[in-house]
Structure formats: structure tokens, C-alpha cells
Amino acid sequence: MSQIDSLPALREVIAANDLSARKSLGQNFLLDLNLTAKIARQAGPLDGCDILEIGPGPGGLTRGLLAEGARFVLAIEKDRRCLTALHQISNAYPERLTVLEGDALSIDPLQYLTPPIKVAANLPYNIGTELLIRWLTPPQWPPFWTSLTLMFQREVADRIVAQPGSKAYGRLALLAQWRCDPQIVMSLPPEAFTPPPKISSAVVHFTALPAPRFPADPKVLERVIAMAFNQRRKMLRSALKGLGPDIEDRLVAAGLKPTERAEQVSLEGFCNLARQIQRT
Ligand code: SAM
């Protein structure tokens with residue numbers, strides 16, 4: 001196994017800083033630096049890019065990102081027990097790592113970052129989906145980031161890349177695939193983490209497309225998708241009846257059958273429908 005940097009091994013860092021993992025913070029640490037460097041490489045070339053990392057913990061992925069050449073990393077960590085270890089990394093890579101202590105859901109990172117910006121993280125499972133939805137539904141497109149390279153529970157990764165007709169297909173797949181190209185690029189067994197979680201994990205790489213695959217107003221599309229999948233077992237004509245008395249006509253005008261169910265409708269079908277709903 002090759003050394004990626006001259007800092008202490010992560011097991012030593014964890015012992016020295018008493019970083020026993022806390023379930024409430026979604027702490028499942030990656031201690032193999034060759035593995036974290038491999039995850040960092042999934043984000044593509046890092047030189048010339050700023051990286052936003054959520055939840056660096058003891059710094060395994062942070063060290064991978066820096067060793068792989070990231071121009072600058074902004075790391076946001078809620079657990080202050082991790083700060084000493086993270087400051088040691090910052091000293092080893094002068095001017096290239098800033099650590100903010102706090103909740104990633106309430107910190108605006110943009111003032112610290114210079115484009116091009118990539119996001120890379122082994123996300124805490126309890127806020128992973130919420131952060132992803134925020135990154136996928138910004139006020140403007142293209143977003144502040146050019147790519148996201150994110151570790152999720154395998155079940156969430158499967159929902160992101162799911163295709164129509166599958167149980168996993170729903171809001172997450174549609175939001176992700178409308179304006180990005182999401183791909184599962186690595187699978188990790190529970191034993192890759194300390195402590196091991198109950199289930200497998202996967203890294204998903206999202207490339208932001210310059211424009212949506214099909215035209216639609218984001219707010220209308222999000223509303224249609226949310227309503228359709230809220231009652232996914234129902235036919236579209238009843239799941240969507242709150243959208244107006246003429247919903248059947250609009251479904252037909254969008255090229256959809258009113259008797260279809262949400263999980264059979266393609267991304268293009270939902271975008272057609274969003275345009276029909278917007279028509280006055
Ligand atoms: N990146 C490290 C690794 O790969 O070993 C740790 C990943 S661990 C799955 C998730 C990390 O997110 C933990 O360090 C945890 O303390 C941190 N965290 C949990 N909730 C957070 C929040 N709301 N904001 C920022 N960090 C959070």
C-alpha cells in the first residue's frame with residue numbers, strides 16, 4: 001500500500017483525538033487513504049478546481065482530495081472533535097484547506113469558493129438526500145458546481161440512476177437526470193467503513209449538463225413530479241387531479257395516457273406534461 005501523504009495514519013488520528021464514531025452524526029469513517037484517493041479521482045481532474053466537502057470527519061477524503069491535486073478544499077464539519085485533526089491537514093497543505101465548523105444545511109459556502117467548483121463528500125446519511133435536492137434545484141442553472149461526487153447508501157444511489165418501470169424510479173431519479181448525467185462509479189461494501197454500516201454504499205458522480213435535457217419550468221416540473229409520486233400506485237388522472245379539472249386533456253396533449261402510473265412515465269413525458277400544465 002502506498003503512502004499518499006506524510007501525515008499520520010487515520011487510525012492513529014482517531015485514537016489521538018478520541019474520535020469514537022457517533023451514530024447521531026452519521027459517522028462511518030473511511031480509514032484507507034488509498035481508497036479515499038481513489039474516490040477523489042472519481043471527481044475527475046482536481047487541479048485548477050475548488051472543492052466543497054461536507055463532513056470531512058477525521059479527514060480521509062480531504063487528504064485524498066488534496067493529495068490528488070485539488071487547488072483548494074472548503075470542508076464543513078459539524079463535530080468539533082474533528083477540528084484538531086483537520087487543522088493538522090491544513091498545516092500540511094498551506095493555503096489549500098479551510099475548515100468551517102457548523103451545520104452544512106445552514107452555511108452558505110459560496111463566499112469561500114472560486115469557480116470552477118466541484119463537490120465531493122462521503123455524506124452523513126441523515127442529511128444526504130436533503131443536500132442533494134438543494135444542489136439539484138438551485139435558483140439558476142447551470143449551478144455553482146460543475147460536478148458532484150457523492151457517497152450514498154446503495155439504496156439511495158439506485159434511486160438516483162433508476163429508470164422508468166422500476167420500484168426505485170421516482171422524484172430523485174427525475175430531478176437528477178433532468179439536468180445532470182448521474183452515474184454509479186464505485187460500490188463499497190460495509191467493511192470499507194469504521195464502524196461498518198448495515199448496508200453497502202456507492203459513489204455517484206453527477207456532471208451538470210449546460211441546459212436541461214427537455215424544456216420545462218423547474219417549479220412546475222417539481223410540483224408535477226411530487227404530486228405524481230405522492231400517490232404512485234394511482235393512475236395519473238387521479239394522482240394529478242389537484243392540477244385542474246382538465247387534467248385528462250392535458251395528459252393526452254402531453255402524449256401520456258391518463259390511466260398510466262407515475263413510475264411508467266419517462267423524464268421527457270413529465271417535461272411535456274409540465275409544459276402542458278403551464279399553458280393557460
Ligand atoms: N468524510 C469522512 C470519511 O469519509 O471518513 C467522514 C464521513 S461520515 C459518513 C459523515 C461526516 O459528516 C461526519 O464527520 C459527521 O460528523 C459529519 N456531519 C454530520 N452531520 C453534519 C452536518 N449537518 N453538517 C456538517 N457535517 C456533518
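In this predicted model, the axes of helix H5 (residues 125-136) and helix H7 (residues 171-179) come within 10 Å and cross at roughly 35 degrees; axes are lines fitted to C-alpha atoms over the stretch in contact, with angles from 0 to 180 degrees between N-to-C directions. Helices are DSSP runs of H or I with at least four residues, and strands are E runs of at least two, numbered from the N terminus. At this crossing, Thr 129, Leu 132, Ile 133 and Leu 136 of H5 meet Arg 171, Leu 172, Leu 175, Ala 176 and Arg 179 of H7, contact being heavy atoms within 4.5 Å.

Residues are numbered from 1 along each chain as its sequence is written. Local features need pLDDT of at least 70, side-chain atom pairs count only at pLDDT 80 or more, totals for chains, interfaces and linings use all residues, and side-chain values use heavy atoms, without hydrogens and water.

Helix H4 has Leu 83, Ala 85, Leu 86, Ile 89 and Ser 90 buried, meaning under 20% relative accessible area with a 1.4 Å probe, protein chains only. These residues lie on the same side of H4 because they cover an arc of only 160 degrees around the axis, taken from the directions from the helix axis to the C-beta atoms. They pack against H1, H3, E3 and E4.

Definitions and conventions
Buried < 20%, exposed > 50% of the residue type's maximum accessible area, 1.4 Å probe, protein only.
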